[in-house]
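I opened this entry to get my bearings in a structure I had not looked at before.

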Amino acid sequence: MSDAALQPLTIVEIQRRVSAELDRIGSVIDELGALFAGAGEELALVGGPVRDAMIGRLQNDLDFTTSARPEVTERLVAGWADAVWDMGRDFGTIGCRKGPWQVEITTYRSETYDPSSRKPDVDFGDSLEGDLGRRDFSVNSMAVRVPGREFVDPSGGIVDLAERVLRTPGTPEDSFSDDPLRMMRAARFAAQLGFSVAPEVVEAMTAMAGRIEIISAERVRDELVKLVCAPHPRLGLTLLVETGLAAYVLPELPALALERDEHHRHKDVYEHTLTVLEQSIDLEHRLGGGPDFVSRFAALMHDVGKPRTRRFEAGGTVTFHHHDVVGAKLTRKRMKALRFSNHDIDAVARLVELHLRFHGYGSGEWTDSAVRRYVRDAGDQLERLHILTRADCTTRNQRKADRLRRTYDSLEERIARLSEEEELAAIRPDLDGNRIMEVLGIGPGREVGQAYAFLLELRMDEGPKSAEEAEAALREWWAAR
């Protein structure tokens, strides 16, 4: 999203945009609206799609709310949609697909939390206005009745959208009591839309931050992923830290705001981290796709080991020895607590553990063996490691920054050359297990694994060898055992 997209909009511009977007999807919303109206039921396009239509970014996912109960909805769309599925009948939601459009239709509902419960109590409602009143923010509490296309906005969402501010339909205290996850959604929407958050909402988030503890780790994780992958994650992360929510969901982040030592001998680690995240995003095009959570979260977590490893040495020098290793352990612990997949945990932790490795490269002193080990240890995270290492340079000394960039360019060139010559991505010993057993005259067992490890180290140190050279080296190693 460009900086221009963050500027306030006029009501006239919003109305023009939404009218154009509704015309574009008219064949779908009008057909579906007529289908429900013919059965004596109400239907309205609601929430995110209405908001996104107003800012000109409507996608193919359309959310509707209806007076119809789920079994009625299912019957009505059965002959109209290309496919129908049950997305959550107990919550009143039926899903379907019509051409390129993914549609969710949910019965009017009210939803509240018991103070000690992680799960909402869901009751079906009886009016569109009542349904809109229970939603999270006013910009998500607008609807368009179909097929008549009547605009419904009981909470003034269009004004808040024009001013790019997040407010709740009722009091934020009531909203966050009903669903504490909405506090994280405020941060997420700030990051996604570039909106500011109303002072009374920030105040309620700060006072009620502890309520987030009743929310399941999975729901917190999902909001955190959306926030980190948003166009402006700094806005959302800053809000989490300033309101105290981060202390509950990602305590490693506010811990980076180390007090500065009296001589100011080390950087502000918290600000450095947010800058590294933004610089990592700028390099994300190297991965060839859209927002990459693993790359971004590694940037966010790369220095979380610093608070535990900080030491003040004689003369005011500050050190953070082994913060890479400690940070990787903390990263694993936090991601496990948030119920991330083992794949994501392994990937992010590996990047955190390796993010300092390049600094041993100097001005190119690494041997080819060291370069091979760098590639081997990075494994399938090598491209992300390139991004993190480059993003980790936040010095304002342009000469130093240019030198580091040129040095890393040199390392990548060496990796490319060795990869072309030696197929680094698939480094294996020059002999497989079967040949090892034949050469040594032994059967399966631990000794084969030891021989395999020796040959792998030899391959890393000296590069590829012919079968004859590898066999000679293996026999020599075996005789010297």
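The notes below cover the cores and then the strand pairing.

Entry one, the model. I note that this is a predicted model.

I looked up the largest nonpolar core and found 115 residues in it. Leu 32, Phe 64, Ile 212, Phe 297, Leu 300, Tyr 374 and Leu 411 have the most contacts inside this core. I then looked up where its residues come from: helix α8 (residues 181-193) gives the largest share, 9 residues.

I picked Tyr 374 from the main core list and asked which residues it is in contact with, leaving aside neighbours within four places in sequence. The list I got for Tyr 374 is Arg 357, Phe 358, Trp 366, Leu 382, Leu 385, Thr 389, Tyr 408, Leu 411 and Ile 415. Leu 411 is also on the list of residues with the most contacts inside the main core.

Entry five, strand β5. I looked up burial for β5 (residues 101-107): 5 of its 7 residues are buried, so the strand is largely enclosed by the rest of the structure.

Entry six, the partners of β5. Strand β2 (residues 61-66) runs parallel to β5, and 6 bridges join them. Thr 65 has Thr 106 in β5 as its bridge partner. Strand β4 (residues 93-98) runs antiparallel to β5, also with 6 bridges. Here I found Ile 94 bridged to Ile 105 of β5.

The hairpin of β4 and β5 has 2 residues between the strands. In this hairpin, Gly 99 takes a positive phi near 60 degrees.

How values were computed: Residues numbered from 1 in each chain as written. Predicted model: local features only at pLDDT ≥ 70, side-chain atom pairs only at ≥ 80, totals over all residues. Heavy atoms only, no water. Core = buried A, V, L, I, M, F, W, Y, C linked by side-chain atoms within 4.5 Å. Buried < 20%, exposed > 50% of the residue type's maximum accessible area, 1.4 Å probe, protein only. Helix = DSSP H or I, 4+ residues; strand = E, 2+ residues; numbered from the N terminus. Contact = heavy atoms within 4.5 Å. Pairing = 2+ DSSP bridges.
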